[in-house]
Amino acid sequence: MRDVAIVGAFQTKFGELWDKSFRDLVVEAGIGAIYDANMGGDDLDSMYIGNMSGGLFVGQEHIGSLIAEHSGLTPIPSTRVEAACASGGLALRQAIMAVASGFYDNVMAAGVEKMTDVVDATPAIAAASDQEWEAQQGVTFPSLYAMMARRHMYEYGTTREQIAGFAVVGHKNGALNPKAQFQREISVDAVLNSTKVASPLNILDCSPVSDGASAVIVCPAEDAKKYSDTPIYVKASTQASESIALHSRKSLTTIESTVLASRKAYDIAGVTPKDIQVAEVHDCFSINGLLAIEDLGFFEKGKGGQAIEDGEIERDGTIAVNPSGGLKARGHPLGATGIAQATEITLQLRGDADKRQVDGAEVGITQNIGGTGGTAAVHILSRDL
């Protein structure tokens, strides 16, 4: 297996992008990544596209072919990857494995979603849950995560203010990210007094409906300096599965797929959670951000709330979490999120994150999950090979 490096990365603006189409977004991201890698389109051997539900959101399937054509990259192989909200993370994993195996040399991994073109995005998003036992019974993702929040509060004494604090940190970072959907800070009181969605979660605990795309280009590490003066090396790429429905889980307060994927990633990379300086985690709801920092091993189970309250996840804290603003503030175009996470970590490790730069960032991690954790993809990236 060959070592792999990221040599190009780009993210479009995330938000309600009424003047851009599905294909506009992914072409913009792809071209941006190609330019960032100092490549031409003819240097690419293949691409993988993370997309959860083009069919439900914009009525478009056969997305691999569509994107290859409108990117001007035909006839290279172009494959759509779907794993709900983890689609982008798994597209990146497929690209990494293709290069590591020697099957291809230069591969693009992209992710895209256009979610605002439907009147109600809820049915499309609910397709990531168990249809028979959850969605058809009227259970939505806010209510599923609300159950997880209630249980965490019951088992560990986590406070509502601590959960809200995760969203506050995301907005504080997002205010410094020109490509974030929400570039404004919020307070704990604002979260607690915002519109109720599913108790105890309010609207400011929830990630928004978003449009956007992101792309990265990976190549063999031995070739990386041909394209970039600051390649970022892939130290681990892992994936794990868990039951899709909450009622089949052993615990409502642990996402086992994250635990398993991250522990395998640490072992492959030869690092521990203490060696990570910056993390992009999947905070589709504020409680999920709290669960992530525990399940990734940054803090003991049940202690994540106190860590948030004590400022340990700030950019200058014990572990800088979601300097991009995360799903909550940067935005959450489902299929693009996993790639956007990798783009942010790439910028951080290069030292190119501008006002949101984490000082001394040398090793970073991404955690991208589908649904309530039925799928988890974890990547560890490093400045050094």
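This note goes through the sheet, the helices on it, the nonpolar core and some local features of a predicted model.

1. The sheet. Ten strands make up an open sheet with mixed pairing, and their order is E3-E2-E4-E7-E1-E8-E12-E11-E9-E10. Its edges are strand E3 (78-81) and strand E10 (320-321), each of which pairs on one side only.

2. Strand E1. In the order of the sheet, E1 stands between E7 and E8. The pairing of E1 with E7 is antiparallel and has seven bridges; Val4 has Pro220 in E7 as its bridge partner. How much of E1 is buried? Seven of its eight residues are, which leaves the strand mostly covered.

3. Strands E2 and E4. Strand E2 (residues 46-50) runs parallel to strand E4 (residues 107-114), and five bridges connect them. In this pairing, Tyr48 has Ala109 in E4 as its bridge partner. Helix H4 (residues 87-100) packs on the sheet, and its direction makes about 160° with that of E2. The strands touched by H4 are E1, E2, E3, E4, E7, strand E8 (232-241), strand E11 (363-370) and strand E12 (375-382).

4. Helix H1. Which strands does helix H1 (residues 22-36) lie across? They are strand E1 (4-11), E4 and strand E7 (211-220). The angle between H1 and E7 is about 35°.

5. The nonpolar core. The largest nonpolar core has 57 residues, and those touching the most other members are Tyr145, Ile276, Ile287, Phe298, Ile365 and Ile380. At least two core residues come from each of helix H6 (141-156), helix H7 (160-174), E8, helix H9 (256-269), helix H10 (286-295), helix H11 (304-309), E11 and E12. H6 gives the largest share, seven residues. In soluble globular proteins, nonpolar side chains tend to be buried together.

6. Tyr145. With residues up to four places away in sequence left out, Tyr145 touches Leu201, Cys284, Phe285, Ile287, Asn288, Ile369, Gly371, Thr372 and Gly373. One of these contacts, Ile287, is itself listed with Tyr145 among the core residues that touch the most other members.

7. Aromatic rings. The structure has two aromatic pairs. One of them joins Phe103 and Tyr104 edge-to-face, with 5.1 Å from centre to centre and 80° between the planes. Are these two residues buried or exposed? Phe103 has a relative accessible area of 65% and is therefore exposed, the cut-off being over 50%. Tyr104, at 18%, counts as buried because the limit is under 20%. Elsewhere, Lys179 sits over the face of Phe10, 3.9 Å from the ring centre.

8. Phe299. This residue belongs to the loop between H10 and H11, yet at 11% relative accessibility Phe299 counts as buried. Beyond its neighbours within four places in sequence, Phe299 is in contact with Ile293, Glu294, Gly304, Ala307, Glu312, Ile313 and Ile319. Between the C-alpha atoms of Phe299 and Thr318 there are 9.9 Å, at a separation of 19 residues along the chain.

9. Val139. The loop between helix H5 (122-126) and H6 contains Val139. Its contacts, apart from neighbours within four places in sequence, are Glu134, Leu144 and Met147. Ser129 is ten residues from Val139 in sequence, with 8.9 Å from C-alpha to C-alpha.

10. Cis peptide bonds. Where is the peptide bond cis? Another joins Ser199 and Pro200, with omega about 15°; Pro200 is in the loop between strand E5 (196-198) and strand E6 (201-202).

11. Positive phi. Asn38, which is not a glycine, has a positive phi near 55°. Asn38 is found in the loop between H1 and E2 and is exposed, with 58% relative accessible area. His62 likewise has a positive phi, near 55°. The loop between helix H2 (54-58) and H3 holds His62, which is exposed at a relative accessible area of 63%.

How values were computed. Residues are numbered from 1 along each chain as its sequence is written. This is a predicted model: local features need pLDDT of at least 70, side-chain atom pairs count only at pLDDT 80 or more; totals for chains, interfaces and linings use all residues. Side-chain values use heavy atoms; hydrogens and water are left out. Two strands pair if DSSP finds at least two bridges between them. Helices (H or I, at least four residues) and strands (E, at least two) are DSSP runs, numbered from the N terminus. Contact means heavy atoms within 4.5 Å. Axes are lines fitted to C-alpha atoms, for helices over the stretch in contact, and angles run from 0 to 180 degrees between N-to-C directions. A nonpolar core is a set of buried Ala, Val, Leu, Ile, Met, Phe, Trp, Tyr and Cys residues joined through side-chain atoms within 4.5 Å. Buried means under 20% relative accessible area, exposed over 50%, partly exposed in between (1.4 Å probe, protein chains only). Rings of Phe, Tyr and Trp (its six-membered ring) pair if their centres lie within 6.5 Å; planes under 30 degrees apart count as stacked, over 60 as edge-to-face and the rest as tilted. A charge sits over a ring if NZ of Lys or CZ of Arg is within 6 Å of the ring centre and within 35 degrees of the ring normal.
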